[in-house]
Amino acid sequence: SVIEKIAKPIQELNRSAAKELDVVAQRLAGSKVDTSDAINLLGSEFEKAGISVGAKGKLNFTGSDFEGIRAVQSSISNVWNRALRIAKTGDALQAHRLKRYIDNIVEYGTEGEGLRGNAERLLKGFRRAVDQSLDTKFPAYNRANTVFADTIGELNKLGILLGKRFRLGEQFADARVGIAMRRLLSNTQSRAEILRLIDGMQA
């Protein structure tokens with residue numbers, strides 16, 4: 001019941017929202033957006049992490065939280081370089097693609113490891129700021145983006161119960177959910193947490 005009546009309908013809504021968001025995003029081609037607030041925020045986060053920005057915009061990680069961690073440095077530098085290009089052009093479509101790029105490197109990262117800790121927090125914060133710039137400027141983008149974000153957020157909560165690698169379409173998915181739901185019949189500490197999760201997904 002959790003899968004068929006709650007999770008799968010949310011998944012279908014998420015897929016339709018993703019398609020609508022792609023259509024709306026493609027219409028952003030040629031439109032301009034101001035991402036200066038997002039870039040200023042990122043610069044502030046660099047300062048907290050000990051990353052300095054050179055005269056030509058190149059990042060210096062010496063003495064920073066990420067000194068010696070080449071994969072993280074590469075990811076942050078790639079995001080920064082794309083952000084600088086968008087700052088010059090104001091290209092709204094590229095701002096949207098920058099969001100997706102951040103999603104990819106945070107979730108998958110180098111050799112499938114993904115980013116963790118402060119690096120993940122730093123880039124996710126910047127992503128939210130870019131997202132806010134797009135939402136504020138383009139109401140249609142905001143509508144599709146809100147549905148997409150809300151539904152993916154609810155689906156991700158299944159990871160609380162079943163682990164981040166769980167996928168709705170995998171074999172024996174119903175059995176895995178069933179095992180987790182048994183906690184509702186017990187007095188375990190996670191019972192209230194599961195009830196909140198299910199109630200939120202139903203809503």
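Biologist: What should I know about the model before we start?
Modeller: It is predicted: local features need pLDDT of at least 70, side-chain atom pairs count only at pLDDT 80 or more, and totals for chains, interfaces and linings use all residues. Residues are numbered from 1 along each chain as its sequence is written, and side-chain values use heavy atoms, leaving out hydrogens and water.

Biologist: Which residues touch the most other members of the largest nonpolar core?
Modeller: Phe46, Phe66, Ile76, Leu123, Phe126, Leu134 and Tyr141, out of 37 residues. A nonpolar core is a set of buried Ala, Val, Leu, Ile, Met, Phe, Trp, Tyr and Cys residues joined through side-chain atoms within 4.5 Å. Buried means under 20% relative accessible area, exposed over 50%, partly exposed in between (1.4 Å probe, protein chains only).

Biologist: What does Tyr141 contact, leaving aside neighbours within four places in sequence?
Modeller: Its contacts (heavy atoms within 4.5 Å) include Leu21, Leu28, His96, Lys99, Asp131 and Leu134.

Biologist: Is Asp131 buried or exposed?
Modeller: Asp131 counts as buried, because its relative accessibility is 14%. Not counting residues up to four places away in sequence, Asp131 touches Lys99, Tyr141 and Asn145.

Biologist: New topic. Which residues of helix 5 meet helix 6?
Modeller: Asp131, Leu134, Asp135 and Lys137 in helix 5 meet Pro139, Tyr141, Asn142 and Asn145 in helix 6. Helices (H or I, at least four residues) are DSSP runs, numbered from the N terminus.

Definitions and conventions: Helices (H or I, at least four residues) and strands (E, at least two) are DSSP runs, numbered from the N terminus.
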